[in-house]
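Please keep the sequence and the model in view while reading.

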Amino acid sequence: MSAKAREKRQRFLRLAFQDYYRHHAATIDSPQRLHMREFAFETWEYTWRCVQRTETDESGKILRKGCGEKGTSLLRPKVCPKCGSTGVTTTNWARHLGFRSGEALRKELATRAPHSVYHSAAFYNVPVARSMYEKQWQGAELVFDIDADHLDAPCTREHDGWVCANPDCRETGWGEPPESGCPSCGGQEFLRRKWICDRCLDDAKRNTLRVYDEFLVGDLGIDPKDLQLNYSGHRGYHIRVRDSRVFKIQSPGRVEIVHAITGTGLDGSRAIKGIRGVPTVPPRTVPGWGGRVADAIIEFLRTIDDYDGKERWVRSLRVSRESLVKGLLQNPPRLERVSGVGTKTWEEIATIAVMRYGGKIDVPVTHDIHRVIRLIGSLHGKTGFIVKSLSRDSIEGFDPFRDALAFDDEPLKIHVQGGLLEVPRFRIGDELYGPFGDEVVEIPTNAAMFLLCKGVATLE
Ligand SMILES: [Zn+2]
Ligand SMILES: [Zn+2]
Ligand SMILES: [Zn+2]
């Protein structure tokens with residue numbers, strides 16, 4: 001697609017987002033203590049700066065390069081638009097922003113209409129200061145990001161694709177790019193395209209509910225009124241813990257919470273006891289992880305064909321899988337005897353099983369006490385979907401492809417660029433669209449916006 005077509009698309013998207021922000025001010029969230037949050041915008045425009053520098057050539061002559069100009073552009077410039085120098089730096093992020101009120105924030109959104117909007121989970125005395133030291137951290141919400149990216153859903157192998165970045169090759173494929181490099185040219189760089197469907201988003205939702213119900217409310221005893229839920233606008237869900245008792249927890253404490261949720265580092269000898277030489281699992285009534293060990297082992301046995309560990313016990317477990325599951329399903333759960341698998345081995349198995357059974361969260365997001373997270377009610381620039389506020393009740397029936405739509409169904413003519421890598425089928429509301437090759441189609445604006453934001457279509 002030509003630069004002109006891309007530029008036209010970016011301008012159109014910015015205007016569409018602006019229109020949205022002008023008319024939906026009421027649904028844009030005002031995070032608590034808004035004036036203490038750092039805001040960040042990912043903008044449609046790139047800010048570029050041509051760096052002035054001197055270089056010495058072979059003859060020792062000093063060359064001046066770069067003109068020192070700066071400006072903005074809808075496409076990322078590779079060279080300085082003024083002097084052609086290659087020493088041009090670009091960014092489409094504006095950080096260290098601050099607002100006094102929700103009204104000021106909403107006004108700015110209606111003016112700038114960014115591609116994506118974030119705010120810190122942290123509270124600062126001076127959120128607009130440029131260094132963390134000057135910002136003066138005062139605490140942070142505990143945040144969880146549950147994203148299809150980390151769930152390894154089988155559908156990603158069907159709808160995520162790659163194109164070799166080598167312009168003379170352009171080999172394509174589905175799933176993750178091959179680790180050994182491009183099968184045609186050996187190149188190591190790929191353009192990747194991630195997609196979403198009902199299956200991976202359902203997976204993300206199921207995991208979100210587990211983190212919410214089992215771990216945050218169940219194990220940690222957090223009051224549901226202090227939990228805020230939202231759809232991320234793309235591949236997953238977020239949970240924010242607004243219980244003031246968590247605000248001051250530093251990174252190491254957050255790491256411990258992450259381990260408790262992901263089931264990392266369980267001491268197998270505390271979960272499996274040898275009672276008169278017979279390995280035994282705790283009953284389900286034991287609170288926390290103890291009571292989950294039996295179910296974790298059942299789940300491990302059910303999916304053991306996907307386990308790629310080379311331990312000697314793997315074969316034995318496969319052989320005895322049926323009777324083992326039967327025994328563990330009983331109340332209290334029982335470990336059937338498997339020859340060659342003793343208490344020590346069961347301890348090892350329990351540690352692995354628990355880790356696979358744990359909540360699947362994007363770990364660094366929770367560790368990082370300076371992280372920014374998407375503003376609820378804003379638009380996600382990679383889909384055009386709303387970062388939708390949800391409740392524990394509403395999340396179950398929530399359908400991202402119906403309930404997070406921001407635009408209308410007026411027909412819009414677009415040129416889908418699926419010639420190289422087919423654009424997979426997707427659903428908007430009750431309609432299925434695609435798969436598309438290289439073709440001009442007229443489809444409802446909500447569906448067209450999704451393809452435009454995904455970067456796989458231009459305006460016709
Ligand atoms: Zn220049
Ligand atoms: Zn290649
Ligand atoms: Zn999927």
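## Terms and basis of the model

Two strands pair if DSSP finds at least two bridges between them. Helices (H or I, at least four residues) and strands (E, at least two) are DSSP runs, numbered from the N terminus. In general, strands of a sheet pair through backbone hydrogen bonds, either parallel or antiparallel.

The model is predicted: local features need pLDDT of at least 70, side-chain atom pairs count only at pLDDT 80 or more, and totals for chains, interfaces and linings use all residues. Residues are numbered from 1 along each chain as its sequence is written, while chains are lettered from A and ligands numbered from 1 in the order in which they are written.

## The chain as a whole

The secondary structure of the chain amounts to 15 helices and 23 strands. Along the principal axes, the C-alpha atoms occupy a box of roughly 80 × 60 × 55 Å.

Of the 460 residues, 35% are buried. A residue is buried if 20 or more other C-beta atoms lie within 10 Å of its own, exposed if 12 or fewer, and partly exposed in between, with C-beta atoms placed from the backbone. Two residues are in contact if their C-beta atoms, placed from the backbone, lie within 7 Å. Among contacts between residues at least 6 apart in sequence, 67% join residues at least 24 apart.

Three strands make an open sheet in the order 11-10-12, with antiparallel pairing. Strand 11 (172-174) and strand 12 (190-193) are its edge strands, each pairing on one side only. Neighbouring strands of this sheet are turned by 20° against each other on average, direction ignored; axes are lines fitted to C-alpha atoms, for helices over the stretch in contact, and angles run from 0 to 180 degrees between N-to-C directions. Strand 10 (residues 161-164) is joined to strand 12 by four bridges, and Val163 stands opposite Leu191 in strand 12.

Another open sheet has four strands in the order 9-14-13-18, again with antiparallel pairing. Its edge strands, strand 9 (142-147) and strand 18 (389-390), each pair on one side only. Five bridges connect strand 13 (residues 227-231) with strand 14 (residues 236-241), and Gln228 faces Arg240 of strand 14. Helix 5 (residues 198-219) lies across strand 9, strand 13 and strand 14, at about 20° to strand 14.

## A buried strand and an alternating strand

Five of the five residues of strand 6 (residues 116-120) are buried, so this strand is largely enclosed by the rest of the structure. Ser116, Tyr118 and Ser120 lie on one side, and Val117 and His119 on the other. Strand 6 pairs in the antiparallel sense with strand 1 (residues 39-50) over four bridges, where Ala40 stands opposite Tyr118. Strand 6 is also joined to the antiparallel strand 17 (residues 372-374) by three bridges, and Ser120 has Val372 as its bridge partner there.

In a regular strand the side chains alternate between the two faces of the sheet. Seven bridges join strand 19 to the antiparallel strand 22 (residues 438-444), with Leu412 opposite Ile443. Strand 19 pairs with strand 23 (residues 457-459) over three bridges, also antiparallel; Ile414 has Leu459 as its bridge partner.

## Helix 8 and its neighbours

The axes of helix 8 (residues 293-302) and helix 10 (residues 321-329) come within 10 Å and cross at roughly 155°. These two helices are therefore roughly antiparallel (angles under 35 degrees count as roughly parallel, over 145 as roughly antiparallel, 65 to 115 as roughly perpendicular and the rest as oblique). The contact involves Ala294, Ile297, Ile298 and Leu301 of helix 8 and Arg321, Leu324, Val325, Leu328 and Leu329 of helix 10.

Helix 8 and helix 11 (residues 343-357) have axes that come within 8 Å and cross at roughly 85°, which makes helix 8 roughly perpendicular to helix 11. The buried residues of helix 8 are Val293, Ala294, Ala296, Ile297, Ile298 and Phe300. Their cover includes helix 7 (268-271), helix 10 and helix 11.
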